Amino acid sequence: MSKPNPLHATPRDTLEDGRTHLKAFPLRVYRFRALGMGLGILPLAVVLTELEASWLAWSWAVFCCLIWPHIAYQVSSRSADPFRAELRNLSLDSAFAGSLVPLMHFNLLPSVVLLTMASADKINTGVRGLLVRSLPGMLIGVAVMGTVTGFTIQLETSMPVLLATLPVMVIHTLAVSLGSYRLIRKVQSQNVRLDELSRVDNLTGLQSRGHWQAQAEQLLASHSTGESTASMLLIDADHFKQVNDRHGHASGDDVLRAIGVAITASLPPGSHAGRIGGDEFAVVLPIPADAAMEVADGILARVATLEFPQVATLRCSVSIGVAEPLADDPSLRAWLEAADHALYRAKAAGRNRIASGDAARLRTSADA
């Protein structure tokens, strides 16, 4: 049976989600940058100690690893366009990482880990092509610092440097993996939400037209094979245009929502209710027409008792057409047309009525 769904996303919601994501992007990158560069100071410090590096080399290492991550975050978070500012920061990350390799005289293990870490951070952003765009900056960093250091090469990695590199390899890798896992879970959750939204009318909580048609086709197929009986209710809000004209579209929406609740509350298990037009609803039920008439009676009675606190004088009613699948044309289109013809008879007879496929069978809410 159809049930109202609280997931009522709108294009404005989607736009706001996108803006929130762009604003959060600098913070997400900052966490990985601060972690990776902060851990990177460990092997870098050991290598510089072994090389008896100058205070200028130490100053540059401290700036890149311990100061730059915080400057980058302040720049991007205060920018009018945080996303683009952060992309520039990421390119600078690569240049700084590249400059540290010649500073260590190309010490093999920490150099490879540092460049790999910088590249992994680009991939982890999910920005297409960012890694490729950052490579020139990385090469420029290597070239500039290499010119300063004379491209001195000492590839050997000592045991102290190896041990100092382990935290970068382990902790940063686990952090990136955890971040990717959370992102995947978020995408999966959004996919589930999108699937729900594609099946639900966001105003009434009933099924969307497309999803309702799929459910109706399944019930019709089951009826055609003799596995179950089937009936359809086509429901139309009476004088709905007048409601909008007199009380406004917000009140019109209130009426549609309330009718949706009344329909849902009246349905037996196995039924599917959907909104198939502006003020038109359709229900398929796994029961014969006689029983469907009783369900329609319940809907008619519930709608007649609806009240709207915002507009005390507002009352509403519905007209309902009831039809079983046609024996000579077992298609959903023919079934809908039969229910539509019955609905037309109910409206022509004065509205606030139920009519079945047989013109002689006509009921009002008073009869119910």
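**Figure 1. Packing of helix α9 against helix α10 in the predicted model.** The axes of helix α9 (residues 249-266) and α10 approach to within 9 Å and cross at roughly 145 degrees. This crossing of α9 and α10 is right-handed. On the α9 side, the contact is made by Ile-259, Ala-262, Ile-263, Ala-265 and Ser-266, and on the α10 side by Val-295, Gly-298, Ile-299, Arg-302 and Val-303. By residue class, the contact of α9 with α10 comprises seven nonpolar, two polar and one charged. Two packed helices are described by the angle between their axes and the distance between the axes.

**Figure 2. Span and burial of helix α10.** Helix α10 (residues 289-304) contains 16 residues, which at 1.5 Å a residue should span 22 Å; the end C-alpha atoms are 22 Å apart, in agreement with that expectation. Which residues of α10 are buried? They are Ala-289, Ala-292, Met-293, Val-295, Ala-296, Asp-297, Ile-299, Leu-300 and Val-303. Val-295, Ile-299 and Val-303, listed here as buried, also belong to the α10 side of the contact with α9. An α-helix has 3.6 residues a turn, so residues three or four places apart point the same way.

**Figure 3. Helix α7 and the glycine that follows.** Helix α7 (residues 209-224) has 16 residues and extends 22 Å from its first C-alpha to its last, close to the 22 Å expected at 1.5 Å a residue. Its buried residues are His-211, Trp-212, Gln-215, Ala-216, Leu-219, Leu-220 and Ser-222. Just after α7, Gly-226 adopts a positive phi of about 80 degrees.

**Figure 4. Aromatic pair between helices α2 and α3.** Seven aromatic pairs are found in a search of the whole structure. In one of them, Phe-63 and Phe-96 are arranged edge-to-face, with 5.9 Å centre to centre and 80 degrees between the planes. Phe-63 lies in helix α2 (residues 55-77) and Phe-96 in helix α3 (residues 82-103), so the pair ties together parts that are 33 residues apart in sequence. Phe-63 counts as partly exposed because its relative accessibility is 25%, whereas Phe-96, at 13% relative accessibility, counts as buried. Both residues belong to one aromatic cluster, formed by Trp-60, Phe-63, Trp-68 and Phe-96. A pair of aromatic rings is described by the distance of the centres and the angle of the planes.

Figure 5. Met-37 and Asp-93 are 56 residues apart in sequence, and their C-alpha atoms are 9.4 Å apart in space.

**Figure 6. Two residues with positive phi that are not glycines, His-105 and Asn-352.** His-105 has a positive phi of about 55 degrees and lies in the loop between α3 and α4 (108-124). At 17% relative accessibility, His-105 counts as buried. Asn-352 has a positive phi of about 55 degrees and is located in the loop between α11 (332-348) and β5 (353-355). Is Asn-352 buried or partly exposed? With a relative accessible area of 24%, Asn-352 is partly exposed.

**Figure 7. Overview of the protein chain.** The protein chain has eleven helices and six strands. Buried residues account for 43% of its 368 residues. Among contacts in the protein chain between residues at least 6 apart in sequence, 72% join residues at least 24 apart.

Methods
Residues are numbered from 1 along each chain as its sequence is written. This is a predicted model: local features need pLDDT of at least 70, side-chain atom pairs count only at pLDDT 80 or more; totals for chains, interfaces and linings use all residues. Side-chain values use heavy atoms; hydrogens and water are left out. Rings of Phe, Tyr and Trp (its six-membered ring) pair if their centres lie within 6.5 Å; planes under 30 degrees apart count as stacked, over 60 as edge-to-face and the rest as tilted. Helices (H or I, at least four residues) and strands (E, at least two) are DSSP runs, numbered from the N terminus. Buried means under 20% relative accessible area, exposed over 50%, partly exposed in between (1.4 Å probe, protein chains only). The expected span of a helix is 1.5 Å times one less than its number of residues. Axes are lines fitted to C-alpha atoms, for helices over the stretch in contact, and angles run from 0 to 180 degrees between N-to-C directions. A crossing is left-handed if the near helix is turned anticlockwise from the far one by less than a right angle, and right-handed if clockwise. Contact means heavy atoms within 4.5 Å. Ala, Val, Leu, Ile, Met, Phe, Trp, Tyr, Cys and Pro count as nonpolar, Asp, Glu, Lys and Arg as charged, and the others, Gly among them, as polar.
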